[in-house]
Amino acid sequence: MDTTAVETSAPPAGRHEPGLGEEYENEPVPPSARRSLFSVSAVWVGFPMIMTSAVFAGIVVYNLGFVTGMLAIIVGDLILMGYVGTLSYLAGRSGKNFALTAADTFGTKGFRVVSAFLSTLVIGWFAFQTGMVGTTLNLSMGWSAAWITLLAGVLFVALTFVGIRAISWIGVVASALFIPLGAVAVILAASASDGLGSAVSYGGGAGAAAFSFGVAVTMVFACFVDSGTMTADFTRWARNGKEGALAAFAAFPVAYFVAQLVGALIVALGAAAAPGTAGGDFLHVLVGGGGILVPLAIAFVFVNLGSVCAHCLYNGAVGFGNITGKTMRQLTIVLGIVGTIAAVAGIWSYFATWLNILGVLVPPIGIVLILDQLVFAHRRASTGGLHWKPFAAWAIGAAVALATHWYAPQLSDAVVAMVVGGLAFTALAYLPARTAQPALGGEPA
């Protein structure tokens with residue numbers, strides 16, 4: 001395994017804020033600091049089992065119908081499982097976060113481009129999810145979206161500042177709240193319709209404006225491809241590669257599918273308030289139930305979306321921390337302020353644009369990492385600031401996927417990006433490495 005160090009102005013190993021644990025931004029997590037399978041799984045499980053997953057699943061079912069929509073969801077989940085699971089195996093094996101892992105493949109300077117790109121995207125998702133708290137409670141309770149968004153941003157920044165321990169804790173709580181409240185929402189929706197069995201016959205409501213099966217698969221995959229690609233930030237804490245992969249599997253497909261199924265049923269049972277845009281958002285169903293469900297629903301929004309926001313902000317802070325040499329907690333404050341301002345400004349309204357960018361640009365990065373470190377590690381340049389082959393494969397995969405988006409929209413951008421990027425990197429890996437030219441009149445140097 002390539003152990004080339006990342007060239008950053010990183011703080012000395014072991015430096016951390018008093019009273020808080022070391023986050024190992026600039027070095028592999030040592031064996032003594034690794035965590036149990038349950039602890040690492042808890043970090044990931046609470047990430048995809050969120051309202052956003054229900055929203056997007058509901059939109060898929062609204063466009064394709066229940067049976068076809070669920071098939072697209074399952075296909076997307078399985079692809080995500082293989083993708084994130086393999087990257088998590090690499091992280092558990094090495095103990096390296098995403099930036100350190102990317103440095104092995106893209107070079108000790110080239111990794112900055114990849115890490116900065118993905119870290120910026122996840123901060124965009126932090127802003128989107130934080131803004132969604134304000135919007136959701138505004139629609140359901142009539143509260144000020146701006147003030148609720150600001151409050152949520154402050155709370156989520158404080159949670160992330162504590163570190164991986166707090167993220168693991170809120171993941172458990174978020175999951176524990178989602179399952180019973182999601183089940184109650186489905187039961188309420190079924191009781192107001194012809195029963196749970198009627199969902200199977202739902203044929204969709206988008207009509208001629210419905211998007212394709214391939215677009216649905218991309219939406220399912222792209223919803224978590226950014227943090228999924230950066231899974232090493234979480235699964236590096238696993239005791240070995242096997243446990244890193246198992247922790248990821250607990251999230252994809254298990255936790256992700258639970259949230260998706262709830263959202264799909266809400267739409268198919270006719271209980272969605274705006275299925276074409278808000279999909280399987282079921283908060284209004286809980287609030288409509290009255291009684292104890294109202295305060296539980298409000299707490300649920302903060303805890304549930306707080307889980308994904310903390311994950312995204314942690315990804316971004318670790319990524320930029322490795323680039324700048326600052327600590328995760330320093331970057332949490334700076335990026336959290338930026339993301340909260342963007343959330344109050346209404347960044348969540350551009351979610352479709354984010355998904356399109358992610359579906360096209362991100363998947364080749366993960367495939368290149370997987371191939372380089374599992375298949376072609378022996379062919380990798382052992383040193384160097386920038387390795388051009390991974391960048392070339394990334395560009396080729398993204399370019400072909402972008403062309404697919406415009407000229408063959410019935411296909412999945414994400415799948416095309418991974419397949420083409422993987423084939424391009426495989427071909428490039430077999431190109432002969434440059435060798436030194438022989439000196440005049442002598443043997444090769």
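Over the ring of which residue does the charged end of Arg-35 sit? The views below belong to a predicted model, in which local features need pLDDT of at least 70 and side-chain atom pairs count only at pLDDT 80 or more, while totals for chains, interfaces and linings use all residues. Residues are numbered from 1 along each chain as its sequence is written, and side-chain values use heavy atoms, with hydrogens and water left out.

**View 1. A charge over a ring.** The charged end of Arg-35 sits over the ring of Trp-237, at 5.3 Å from the ring centre. A charge is said to sit over a ring if NZ of Lys or CZ of Arg is within 6 Å of the ring centre and within 35 degrees of the ring normal.

**View 2. The whole chain.** The protein chain has 18 helices and 0 strands, where helices (H or I, at least four residues) and strands (E, at least two) are DSSP runs numbered from the N terminus. The radius of gyration of the chain is 22 Å, close to the 22 Å that the globule rule gives for 445 residues, so the chain is as compact as a globular protein of that length; the radius is taken over C-alpha atoms, and the rule is 2.2 Å times the number of residues to the power 0.38. Of the 445 residues, 57% count as buried, a word that stands for under 20% relative accessible area, computed with a 1.4 Å probe on protein chains only.

**View 3. Aromatic pairs.** The count of aromatic pairs comes to 21, with rings of Phe, Tyr and Trp (its six-membered ring) pairing if their centres lie within 6.5 Å, and with planes under 30 degrees apart counted as stacked, over 60 as edge-to-face and the rest as tilted. The ring centres of Phe-47 and Phe-224 are 5.2 Å apart and their planes stand at 90°, so this pair is edge-to-face. Phe-47 lies in the loop between α1 (37–45) and α2 (51–64), and Phe-224 in the loop between α8 (213–222) and α9 (225–229), so that the pair links distant parts of the chain, 177 residues apart. Phe-47 is buried, with a relative accessible area of 1%, and Phe-224 is buried at 2%. Tyr-83 and Phe-221 also form an edge-to-face pair, with 5.3 Å from centre to centre and 70° between the planes; Tyr-83 belongs to helix α3 (residues 66–94) and Phe-221 to helix α8, 138 residues apart.

**View 4. The nonpolar core.** The largest nonpolar core has 138 residues, and those with the most contacts inside it are Tyr-83, Phe-98, Phe-106, Val-133, Phe-224 and Phe-282. Such a core is a set of buried Ala, Val, Leu, Ile, Met, Phe, Trp, Tyr and Cys residues joined through side-chain atoms within 4.5 Å. The largest share of this core, 17 residues, comes from helix α13 (residues 293–324).

**View 5. Helix α2 and Leu-64.** Helix α2 is mostly covered, as 13 of its 14 residues are buried, and α2 is followed by Gly-65, whose phi is positive, near 90°. Leu-64 lies in helix α2 and counts as buried at 16% relative accessibility. Although Leu-64 and Gly-204 are 140 residues apart in sequence, they are 5.5 Å apart in space, C-alpha to C-alpha. Leaving out residues up to four places away in sequence, Leu-64 touches several residues, among them Gly-203, Phe-211 and Ala-216, where contact means heavy atoms within 4.5 Å.

How values were computed:
Buried means under 20% relative accessible area, exposed over 50%, partly exposed in between (1.4 Å probe, protein chains only).
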